[in-house]
Amino acid sequence: MWWLLLLPVLVFAETASTDEKLVGIFYFKPMFGHVHQSSVKTSASLTTIQCSHPVKVIESSKVSAGPEWAYVQVADYRGFLLKQFLSEKRPDCFQGKYPKFFDAFNLDLSELYYWGRLNDQYIQGETRVK
Amino acid sequence: MINIFRVKLALSSFLITTGLLAQTGKLQEEKELEVVNFKSIKKVLEQDGLTEASKRKAQQVQVLKKEQGKLESGRFMYPTESELWGFVSEYWLVKNAQLLNWDFEKPDYALERSFSSTMENLGFYQKKFKILLVNTPSLVKASIPGDNELIFLLSVPFIKSLDLSKLEISLLLFEEFIRLEMGYFKKNVATEKMSKLAGSNFQGGKPDLSMVEELLKNYTSQINQKGYTFQQQFELTKKVDAYLKSSPELWNTYFRLLGKIDRFVKSNTQYKDYVKLYPSPEMQVKWLSPPEKVL
């Protein structure tokens with residue numbers, strides 16, 4: 001009868017695994033960016049990624065990302081990215097187009113960090129088509 | 001009859017022997033050559049269309065080799081001029097992150113909507129822009145080129161000190177947009193090296209990064225020290241005036257804004273450099289004012 005005690009745990013585990021859905025694989029568009037700890041632009045960075053990096057977008061009933069943010073998994077990290085930075089197709093990246101020129105700058109960690117922050121801090125817009 | 005038969009037999013045996021001799025008379029090397037020499041089976045190959053296929057294959061290999069060469073050479077390209085402006089502008093912002101202090105929690109001024117709406121009211125469509133708010137009084141405003149987009153820098157302490165409305169901020173940005181469109185920034189900052197190297201190839205060598213270093217220096221000097229001339233400011237003011245004339249509300253707000261800035265920078269030592277960089281709000285007000293009638 002002891003296994004009856006484990007039953008709720010097993011049922012819960014089953015629900016938890018079905019709670020999550022993989023929306024798809026998307027690609028990061030800006031030159032550099034941060035996977036955020038929470039869905040706030042100024043929240044801490046879990047990891048820095050660069051243009052064209054594939055990210056798994058996850059839908060989970062337990063995580064509320066807000067309309068502008070996507071809940072993502074990048075390597076072992078799970079965090080948040082602005083939806084406007086994601087593309088279904090692999091983007092045409094500056095560092096991919098001009099690899100030898102870009103590599104020559106040998107950007108340090110601080111520069112990579114700030115470049116990612118820069119994309120978070122911009123207020124971006126486009127006037128509409130007439 | 002028997003004689004005729006004998007003659008025929010002798011003739012046919014002669015022919016058979018000659019034929020056999022002719023067949024076996026080839027040198028071993030000749031036979032080997034026949035095996036190696038595809039000419040001997042050329043007809044068969046032609047009939048099967050194999051020669052054509054082999055020609056096509058050779059052409060494909062050549063095309064692929066050419067493409068591969070192009071790709072390899074493309075890896076050693078300098079970006080185009082537009083891409084270079086975008087890259088250098090952002091690199092300059094990254095390099096000056098601490099000085100400009102743009103990495104901070106900002107108030108939501110809803111600038112994206114108000115600036116878009118002002119631009120659209122004035123007839124400017126499909127313009128991509130990025131606004132970066134900085135938390136320093138040492139840089140009031142600036143517009144720098146992006147890759148097919150506009151990058152605006154705007155000081156939050158300045159906005160707060162002047163208590164600017166959304167419309168006033170949008171007009172300040174609009175003035176910066178026109179300044180960038182008039183090409184003054186690029187003209188003041190660009191170098192010969194940049195125009196020479198942009199879009200070219202450096203295969204077999206290293207990229208000349210001194211070109212970017214020079215541009216970064218010019219950015220700093222233009223934004224913090226050099227600024228714009230009276231002539232450039234006059235032309236800019238007249239252009240903004242022309243665009244805003246169709247909308248009296250916007251024109252009046254712009255006119256009042258210049259007066260507000262003039263009074264503020266004159267009374268606040270923290271902003272004493274503003275007049276040197278953007279000469280001058282007082283003159284701008286004069287240029288916009290209707291000529292006084294002499295009685």
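How many bridges join strand S4 (residues 54-60) of chain A to strand S5 (residues 69-74) of chain A? There are 2, and the two strands run antiparallel.

This is a predicted model: local features need pLDDT of at least 70, side-chain atom pairs count only at pLDDT 80 or more, and totals for chains, interfaces and linings use all residues. Residues are numbered from 1 along each chain as its sequence is written, while chains are lettered from A and ligands numbered from 1 in the order in which they are written.

**Stop 1: strands of chain A**

Strands here are DSSP runs of E with at least two residues, helices are runs of H or I with at least four, and both are numbered from the N terminus. Two strands pair if DSSP finds at least two bridges between them. Select Val57(A): its bridge partner in S5(A) is Val72(A).

S5(A) pairs with S6(A) over 6 bridges, in the antiparallel sense. Trp69(A) faces Leu82(A) of S6(A) across this pairing. The two strands make a hairpin with 2 residues between them. Click on Ala75(A) in the turn; its phi is positive, about 50°.

**Stop 2: where the chains meet**

Show both chains. Here 22 residues of chain A are in contact with 32 residues of chain B; contact means that C-beta atoms, placed from the backbone, lie within 7 Å. On the chain A side, helix H3 (99-103), helix H4 (109-121) and S8 each give two or more residues. H4(A) gives the most, with 6 residues. By class, that side has 11 nonpolar, 5 polar and 6 charged residues. Ala, Val, Leu, Ile, Met, Phe, Trp, Tyr, Cys and Pro count as nonpolar, Asp, Glu, Lys and Arg as charged, and the others, Gly among them, as polar.

**Stop 3: a sheet from both chains**

Select S8(A), S1(B), S3(B) and S2(B). In that order, these 4 strands form an open sheet with mixed pairing. Strand S8 (123-126) of chain A and strand S2 (141-145) of chain B stand at the edges with a single partner strand each, so one side of each has no neighbour in the sheet. From one strand to the next, the twist averages 20°.

Zoom in on the joint between chains. S8(A) pairs antiparallel with strand S1 (residues 128-134) of chain B over 4 bridges. Glu126(A) has Lys128(B) as its bridge partner in S1(B). Gly125(A) stands opposite Phe129(B).

**Stop 4: a helix crossing in chain B**

Select helix H9 (residues 166-181) and helix H14 (residues 248-267) of chain B. They pack at about 85°, with axes 10 Å apart. Axes are lines fitted to C-alpha atoms, for helices over the stretch in contact, and angles run from 0 to 180 degrees between N-to-C directions. H9(B) and H14(B) are therefore roughly perpendicular, since angles under 35 degrees count as roughly parallel, over 145 as roughly antiparallel, 65 to 115 as roughly perpendicular and the rest as oblique. Highlight Leu167(B), Glu168(B), Leu171(B) and Leu172(B) of H9(B); they meet Leu250(B), Thr253(B), Tyr254(B) and Leu257(B) of H14(B). This contact has 6 nonpolar, 1 polar and 1 charged residues.

Note on methods:
Contact = placed C-beta atoms within 7 Å.
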